[in-house]
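User: I would like to learn how to read a model such as this one, feature by feature. Could you take me through it?

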Amino acid sequence: MHDRPEHPATANQPIWRIAVAAPLHKGFDYHAPRQFFTPPTPGIRVLVPFGRRSTVGILLETRDQSAVDARKLKPVSQVIDETPVLTPDLLTLGRWAADYYHHPAGEVLHHMLPTLLRRGEPAARQTENLWRLTPAGMDFDAELAQRAPKQQALLKLLQQHAAGLTSEALNQRMSQWRAPMQALLKKQLVHQETIYFSAHSVREPRASFQHSPDLNNDQRLAVQAIGCSLDGFKRWLLEGVTGSGKTEVYLHVIEQVLAMGRQALVLVPEIGLTPQLLQRFEERLPVPIAVMHSDLGDRERLNAWLAARGNEARVIIGTRSAVFTPLAKPGIIIVDEEHDHSFKQQEGWRYHARDLAVVRAQQLDIPVVLGSATPSLESLHNCLQARYQRLHLPARTGQAQLPRIGVVDARRIPLDQPVSSALLQRVREHLEAGNQALIFLNRRGYAPVYICHDCGWHAECRRCDAHLTVHRASNRLRCHHCGSERPLDTACPSCNGASLLIVGLGTEQMEDFFSGQFPGYEIVRIDRDTTRRKGSLERSLQKAQSGQARILIGTQMLAKGHHFPQVTCVGILGIDQALFSADFRSTEYMAQLVTQVSGRAGRAERPGEVLIESHQPQHPLLQLLITRGYREFADAALEERQAAGLPPYTRMVLVRAEAPTAGKALQFLSSLRAHLQSRIGPPVALLGPAPAPMERRAGRYRAQLLLQSDQARALHNALDCITLVTEQLPERRSVRWSIDVDPVEMF
Ligand code: ADP
Ligand code: ZN
Ligand code: ZN
């Protein structure tokens with residue numbers, strides 16, 4: 001690629017290499033801006049002409065030559081930052097990641113920034129105006145201002161708020177306050193100042209704090225081990241059964257990190273799902289905490305980002321992309337629930353935040369702790385290879401016991417009955433004993449299939465190869481893959497018959513069924529449908545935690561990290577799909593879900609009980625899981641993976657392609673494969689191309705080509721080859737294609 005002649009820069013016009021967010025695997029050269037004298041620092045943002053528009057770029061380096069004739073280069077039009085928005089460590093991480101994931105560096109580096117910075121906004125805390133009375137204003141007798149009633153009202157208002165009021169606060173309390181404010185300013189009764197915009201995403205420390213419980217032995221050992229190695233890079237896997245006190249270990253380690261004057265970065269799967277976690281951090285740590293997640297507005301997010309960079313926020317808690325938060329004094333990175341798939345970005349640049357957290361910790365030379373009750377097979381494998389050091393919390397804290405788990409043979413359940421009599425019976429007993437029951441079903445909606453009894457027609461999405469799900473509350477059919485929806489048919493569109501049936505189970509139907517069975521007990525359903533509105537998830541979780549709702553029904557949103565002290569009975573439905581899925585990861589995923597859901601039972605003094613309904617009650621991995629626990633399941637699953645030559649014993653890369661017409665994606669991948677065959681050797685196996693398991697989705701036809709190898713280097717080289725070859729394939733013009741390194745979902 002770089003065999004063109006190099007053109008030296010002229011002495012007074014150095015060349016800047018700029019990363020631009022474009023799908024091209026290279027930086028672009030520009031002349032330095034005309035009036036720029038201080039030495040430029042890589043990582044600052046600039047404005048550059050790009051095509052016919054002007055765009056934000058990031059300075060990668062200055063050079064003295066370019067592959068392009070210097071006379072053809074354009075100058076940088078503007079320098080945006082004085083200090084780099086991408087600190088040296090983030091630049092290093094970004095360049096490493098672009099290389100590892102074979103994604104254009106410009107897109108990677110832009111992705112690492114908050115949206116407002118990508119758009120070129122200044123990297124500065126937003127300020128606002130505050131009005132406060134001067135001492136004279138404080139003493140002024142408002143009754144004297146009778147002839148100016150507006151001024152009088154404003155004066156009275158400000159006298160009630162000695163700390164001052166912001167424009168927003170004033171807007172809420174009084175209309176048309178600006179003119180009287182000017183008058184008061186002129187009379188020097190009021191003083192105006194500029195303060196930092198108060199950000200909800202940066203939580204100031206509370207006035208009082210909770211004491212920590214005395215650690216048990218296992219917790220103490222874990223805290224000591226990590227605490228002894230805070231001064232350099234080390235990888236820990238904290239494996240602790242649900243309710244064993246992992247969070248308590250994090251808190252103690254973070255206290256030590258803070259005492260050293262350093263910051264802690266904590267990654268969690270979904271903040272909305274764990275308000276309890278955030279609350280515990282706030283109750284225990286006497287420092288400002290920044291929160292970073294996707295529900296934040298752009299401004300709030302930038303505020304949190306700046307607070308982390310400025311060392312004002314000492315602890316940063318965030319989801320996937322928070323792994324890119326700049327840290328003034330990095331001390332430790334913690335990844336909670338490290339097995340969770342939400343750490344993997346599933347579109348665009350498909351990075352894995354857990355894996356990048358480890359890389360970042362290494363580059364920063366600080367420890368990283370991955371915690372889970374159900375560690376991923378990848379992380380367990382890393383422990384076996386002695387790359388990670390394992391810390392174990394084998395028991396629940398206090399009196400809490402792990403629940404008993406039983407399997408109900410679903411083949412015996414009458415077809416017209418949504419759940420087994422055994423489960424109903426157990427739920428009844430637990431409710432009557434004053435406890436809560438939790439029903440887990442990872443399928444929202446009323447039922448997954450709408451079918452004609454006369455001719456066999458069933459409702460399918462027009463844009464995907466998928467069934468439409470029946471939603472009763474809205475009387476609509478909805479596609480869970482592309483979001484399209486339409487009203488429920490009243491007659492069969494194919495034979496005009498009226499015998500339309502609803503087949504299969506969803507959470508909505510479960511709620512109906514249980515409320516019929518248990519009138520008088522409050523039910524709360526938690527899934528994407530019931531929690532769409534802002535605040536509704538918090539309200540539902542509150543009902544579940546307080547014990548007000550006695551029956552909890554939900555999808556995997558209910559499985560993650562919650563502490564429901566009064567839940568003693570858990571029913572797990574609909575796991576059979578996982579046992580038969582074509583995806584080699586589905587049993588691991590099933591085992592993690594079952595263990596996590598079961599972990600919601602019996603977390604306090606009351607012992608718990610779990611019933612799993614399955615048509616495969618004797619399935620060996622399921623049996624192993626419930627009789628011996630997750631760890632022995634994982635060992636067996638690892639052996640299976642090794643025997644089959646699957647990850648983590650080999651590495652995979654999925655090349656995906658999609659096109660609006662059938663056949664195009666497959667064609668593109670076939671010619672890619674044909675070109676690759678002669679160039680890459682036997683250590684890399686090429687599998688496919690084949691249509692994606694769901695070939696048509698949102699109106700696009702999809703296909704994939706799998707590369708697999710036990711040699712990382714060879715696989716990496718093959719990917720370099722793909723980038724090169726594709727540039728010459730004419731078929732590339734009619735498809736969208738992407739590379740997924742270490743894919744988590746094979747669809
Ligand atoms: P995990 O993160 O492993 O699920 P938590 O840290 O949330 O576990 O702990 C579960 C419960 O036990 C919490 O209510 C926590 O306050 C409590 N807990 C944790 N450690 C101790 C301890 N050493 N003594 C008493 N209670 C503890
Ligand atoms: Zn019909
Ligand atoms: Zn669809």
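Analyst: This is a predicted model. Start at ligand 1, where a backbone N or O atom of glycine 243 lies 3.1 Å from an oxygen atom of the ligand. Glycine 245 also has a backbone N or O atom facing a ligand 1 oxygen, at 3.0 Å. From a side chain, a polar atom of threonine 397 lies 3.0 Å from an oxygen atom of ligand 1. Taken alone, ligand 1 exposes 560 Å², and the protein buries 75% of that.

User: Which residues come nearest to ligand 1?

Analyst: The shell holds 16 residues, of which Asp214, Gln219, Lys246, Thr247 and Arg280 come nearest. By class, the shell divides into three nonpolar, eight polar and five charged residues.

User: Which element gives the largest share of the shell around ligand 1?

Analyst: Helix H9, residues 246-259, contributes three residues, the largest share.

User: Next, the metals. Which residues coordinate the zinc ion that is ligand 3?

Analyst: For a metal site, list the donors, then the angles, then the spacing in sequence. The donors of ligand 3 are the SG atoms of Cys461, Cys464, Cys479 and Cys482, at 2.2 to 2.4 Å. The angles among these four donor atoms run from 104 to 115°, and the site is tetrahedral. Along the sequence, the donor residues of ligand 3 are spaced C-x2-C-x14-C-x2-C.

User: Is cysteine 479 buried or exposed?

Analyst: Buried means under 20% relative accessible area. Cysteine 479 has 2%, so it counts as buried.

User: How are the donors of the other zinc ion, ligand 2, spaced along the chain?

Analyst: Their spacing is C-x2-C-x36-C-x2-C. The donor atoms of ligand 2 are SG of Cys452, Cys455, Cys492 and Cys495, at 2.2 to 2.4 Å. With angles of 107 to 113° among the four, the site of ligand 2 is tetrahedral.

User: Why does cysteine 452 count as buried, and why is cysteine 455 classed as partly exposed?

Analyst: The class follows from the relative accessible area: under 20% is buried, over 50% is exposed, and partly exposed lies in between. Cysteine 452 is buried because its value is 2%. Cysteine 455 has 38%, so it counts as partly exposed.

User: Turning to the backbone, which peptide bonds are cis?

Analyst: Omega is the angle to read here. Among the cis bonds is the one from proline 647 to proline 648, with omega near 5°. Proline 648 lies in the loop between helix H20 (630-644) and strand E30 (651-659). Another cis peptide bond joins glycine 688 and proline 689, with omega about 10°. Proline 689 is found in strand E31, residues 684-697.

User: And phi? Where is glutamine 176 found?

Analyst: Glutamine 176 has phi near 50°, a positive value in a residue other than glycine. The residue sits in the loop between helix H6 (167-173) and helix H7 (178-186). Its relative accessible area is 64%, so glutamine 176 is exposed.

User: What is the phi of glutamine 188, and where is its place?

Analyst: Glutamine 188 is not a glycine, yet its phi is positive, about 60°. Its place is in the loop between H7 and strand E10 (190-196).

User: Is glutamine 188 buried or exposed?

Analyst: Glutamine 188 is exposed because its relative accessible area is 60%, and exposed means over 50%.

Methods. Residues numbered from 1 in each chain as written. Chains lettered and ligands numbered in written order. Predicted model: local features only at pLDDT ≥ 70, side-chain atom pairs only at ≥ 80, totals over all residues. Heavy atoms only, no water. Near = heavy atom within 4 Å. Polar contact = N/O pair within 3.5 Å; in protein donor to acceptor, adjacent residues only side chain to side chain. Areas by Shrake-Rupley, 256 points an atom, 1.4 Å probe, with all protein chains shown as cover. Helix = DSSP H or I, 4+ residues; strand = E, 2+ residues; numbered from the N terminus. Nonpolar A, V, L, I, M, F, W, Y, C, P; charged D, E, K, R; others polar. Donors = N, O, S within 2.8 Å, 3.2 Å for Na, K, Ca; no water. Tetrahedral: all angles 85-135°; square planar, octahedral: opposite > 155°, others 65-115°. Buried < 20%, exposed > 50% of the residue type's maximum accessible area, 1.4 Å probe, protein only.
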